[in-house]
Amino acid sequence: MSDIQVPITSVRFGSAEEALVLEVLRSGIVAQGPKVARLEELFAQLTGTAHAVAVNNGTTALVAALQALELQPGDEVVTSPFTFVATLNAALEAGATVRFADIGLDDFNLDPDALAGAVTPRTKVVMPVHLYGQAADMPRISALASAHGLAVVEDAAQAHGATVEGRPVGGFGVACFSLYATKNVTTGEGGVVTTDDDRLADRLRLLRNQGMRSRYQYEVAGHNYRMTDLQAALGIPQLERLAEINDARRANAAVLDAGLAGLEGLVTPTVKDGRAHVFHQYTVRVTPDAPLGRDQLVDALAAAGVGAGVYYPRVVHDYDCYRNDPRVVVGDAPNAARAAAEVVSLPVHPHLTPADLDQIVTAVRRCFGA
Ligand SMILES: *Cc1c(COP(=O)(O)O)cnc(C)c1O
């Protein structure tokens, strides 16, 4: 293993986080309390929704959102085959059958035409993933969902603050955010569900707290999905400066775009019209025209001190543990397969210096003989 000088991710907290965590320690309220309530308020503002319900991680957020929709055995969720495994695992845990629709190769998100083709009479939910920080085509996906009477569950784990046609992600039905260590906003572990639907929000709050309405009055078989005030204290200052954090990511992406333009066999990210990308990842494709393969590029960059990551090396269901599961219904998804073979993510996090960006650009250009 060589020395990585420019890592793919870097987690740093400032004095605002330190002060708030200390305040929580001194308050004695370390479980769910006023800081969680404040974090929820900030998420509702960010997404323009009436409700935000904080939970203990992004996977739980997805499970709870699907449970709140009260799926029955045999009900189908249609999602992207090119996503983090939590998307699939959450749907299975909630009892759904999962079907996949192909992605577009330009934005790596669900292709609305492919999605239309994957809907069956058993479909109850469409679950777009706003991958790498760019919103899926929500205007078309929402229209399709309402035409078929389907619920929309957004996997917005990577897209805090992203917008499509001026509308923030998180407000198109019920949406799930992750606050894991590497995400654009982090509480170490954490998740949030946002929605405008009063009934769903009520159900989410019940599910989070053992199904309890008031003390020892249980209405559903719930769980403990609660977030702690210590976690929320970490997230609040980041949400207050999220515009700044995302602007820094976008500015870094622009430098990489300029530095990596014109390399044969390298496709830099596309930002689709009308979408504000928050660059959770800066993901390029290494096509067959390139002078080296994707995995060779990752190794060469590591040797040059640059940490690159492959998110994700296989389509989500391409593992033995899903192979014979009748609830995992696999279809043809050539774009997703191609993306899995060609993608590599370069560092774009807000703590990169101009020298770091230069090191990334120079290293990649060398690999492409430029
Ligand atoms: C991170 C992530 C999740 C899961 O979130 P956790 O907080 O790690 O449980 C779900 N979906 C996607 C696309 C993610 O990137």
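Two aromatic rings, from Phe, Tyr or Trp (taken by its six-membered ring), count as a pair if their centres lie within 6.5 Å; planes under 30 degrees apart are called stacked, those over 60 edge-to-face, and the rest tilted. With that in mind, look for Phe82, Phe84, Phe108, Tyr132, Tyr311 and Tyr312, which ring pairs link into a cluster. Before going further, please note that this is a predicted model, in which local features need pLDDT of at least 70 and side-chain atom pairs count only at pLDDT 80 or more, while totals for chains, interfaces and linings use all residues. Residues are numbered from 1 along each chain as its sequence is written, and side-chain values use heavy atoms, with hydrogens and water left out.

The ring rule gives a count of eight aromatic pairs. One of them joins Tyr311 and Tyr312, whose centres are 5.9 Å apart and whose planes make 65 degrees, an edge-to-face arrangement. How exposed are these two? Here a residue is buried under 20% relative accessible area, exposed over 50%, and partly exposed in between, using a 1.4 Å probe and protein chains only. Tyr311 is partly exposed because its relative accessibility is 23%, whereas Tyr312, at 15%, counts as buried.

Now let us turn to the strands. Helices (H or I, at least four residues) and strands (E, at least two) are DSSP runs, numbered from the N terminus, and two strands pair if DSSP finds at least two bridges between them. Eight strands make an open sheet with mixed pairing, and their order is β1-β9-β8-β5-β4-β2-β3-β13.

Which way do its residues point? Glu76 and Val78 face one way, Val77 and Thr79 the other, and all of them are buried. On one hand, β2 runs parallel to β3 (residues 97-100), joined by four bridges, and Thr79 stands opposite Phe100 in β3. To get from β2 to β3 the chain passes through helix α4 (residues 85-93), and this β-α-β crossover is right-handed; the term says that, with the strands pointing away from the viewer, the path from the first strand over the helix to the second runs clockwise. On the other hand, four bridges also join β2 to the parallel strand β4 (residues 123-127), where Val126 is the residue opposite Val78.

Further along the sheet, β5 (residues 151-155) pairs with β8 in the parallel sense over three bridges. Val153 stands opposite Val174 in β8. Helix α3 (residues 58-68) packs on the sheet, touching β1, β2, β4, β5, β8 and β9, and its direction makes about 165 degrees with that of β8. For such angles, axes are lines fitted to C-alpha atoms, for helices over the stretch in contact, and values run from 0 to 180 degrees between N-to-C directions.

Strand β5 also holds Glu154. Is this residue buried or exposed? Glu154 is buried, because its relative accessible area is 0%. Contact means heavy atoms within 4.5 Å, and, residues up to four places away in sequence aside, Glu154 touches several others, including Pro128, His130, Met138 and Gly173. Glu154 and Gly173 are 19 residues apart in sequence, yet 7.3 Å apart in space from C-alpha to C-alpha.

There is a second, three-stranded open sheet to find, antiparallel and ordered β7-β6-β11. Its edge strands are β7 (167-168) and β11 (275-276). Two bridges join β6 (residues 163-164) to β11, with Thr163 opposite Ala276.

Next comes the interior. A nonpolar core is a set of buried Ala, Val, Leu, Ile, Met, Phe, Trp, Tyr and Cys residues joined through side-chain atoms within 4.5 Å. The largest one has 43 residues, and Leu39, Phe43, Leu115 and Val192 touch the most other members. Helix α2 (34-47) is among the elements that give two or more residues to this core, and its five residues are the largest share. Leaving aside neighbours within four places in sequence, Val192 is in contact with residues including Leu39, Phe43, Ala52 and Phe177. Another core lies apart, with 32 residues, among them Val55, Val98, Leu200 and Val316.

Our last stop is His349, in the loop between β14 (343-346) and α13 (354-367). His349 is buried because its relative accessible area is 4%. Not counting residues up to four places away in sequence, His349 touches Pro7, Ile8, Thr9, Ser10, Arg249 and Asn252.
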